[in-house]
Amino acid sequence: MIKHIVLWELEDKTQADANAAKMKERLEALVGQTPGLLSAHVSRSFAGYDVALIAELESREVLEAYQNFPPHVEIKKWVGSIAKNRTFCDFEC
């Protein structure tokens, strides 16, 4: 199993709560439509970065496919337009 963790700092702090809620809705909805995506949890942070994603995927191959899965690519483009900074970590469990 792969854990995929992404942290974002959002550009517009006045819209952070609304944008985080939309990110949560859109990213968590990928579970069940993305092959091999076992879970996705998005939360608003209270310290450090503004939003965190913790996703579990079946394998490295699934993670690679997820990165190019069209609905995920669409979400990444939108998030990229509202985020000032992003970091991530992927690891096997």
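Does Lys3 count as buried, exposed or partly exposed, and at what relative accessibility? Select Lys3: at 21% relative accessibility, Lys3 is partly exposed. Buried means under 20% relative accessible area, exposed over 50%, and partly exposed in between, using a 1.4 Å probe and protein chains only.

Before moving on, note that this is a predicted model, where local features need pLDDT of at least 70, side-chain atom pairs count only at pLDDT 80 or more, and totals for chains, interfaces and linings use all residues. Residues are numbered from 1 along each chain as its sequence is written, and side-chain values use heavy atoms, leaving out hydrogens and water.

**Stop 1: Lys3 and its partner**

A salt bridge here is a side-chain nitrogen of Lys or Arg within 4 Å of a carboxyl oxygen of Asp or Glu. Glu56 is in strand E3 (residues 51–57) and Lys3 in strand E1, so this pair links distant parts of the chain, 53 residues apart. Helices (H or I, at least four residues) and strands (E, at least two) are DSSP runs, numbered from the N terminus.

**Stop 2: helix H3**

Now select residues 70–82. This is helix H3, with 13 residues. From first C-alpha to last, H3 reaches 19 Å, close to the 18 Å expected at 1.5 Å a residue. The expected span is 1.5 Å times one less than the number of residues.

Which residues of H3 are buried? Color His72, Ile75, Trp78, Val79 and Ile82: these are the buried ones. They sit on the same side of H3, because they cover an arc of only 125° around the axis. The arc is that of the directions from the helix axis to the C-beta atoms.

Turn to the other side of H3. Pro70, Lys77, Gly80 and Ser81 are exposed there.

What do the buried residues of H3 pack against? Show strand E1 (2–10), helix H1 (16–28), helix H2 (60–67) and strand E4 (83–92). Contact means heavy atoms within 4.5 Å.

**Stop 3**

Select Arg26 and Glu74. Their side chains form a salt bridge, 3.4 Å from N to O. Arg26 is in helix H1 and Glu74 in helix H3, so the pair ties together parts 48 residues apart in sequence.

Next, pick Glu92 and Arg60. Their closest N and O atoms are 2.8 Å apart in a salt bridge. Glu92 lies in strand E4 and Arg60 in helix H2, so parts 32 residues apart in sequence are tied together. Glu92 is exposed, at 52% relative accessible area. Arg60 is exposed too, at 55%.

Finish with Glu9, Lys13, Asp17, Arg44, Asp50 and Lys84. A network of salt bridges links them. The count of salt bridges comes to nine.
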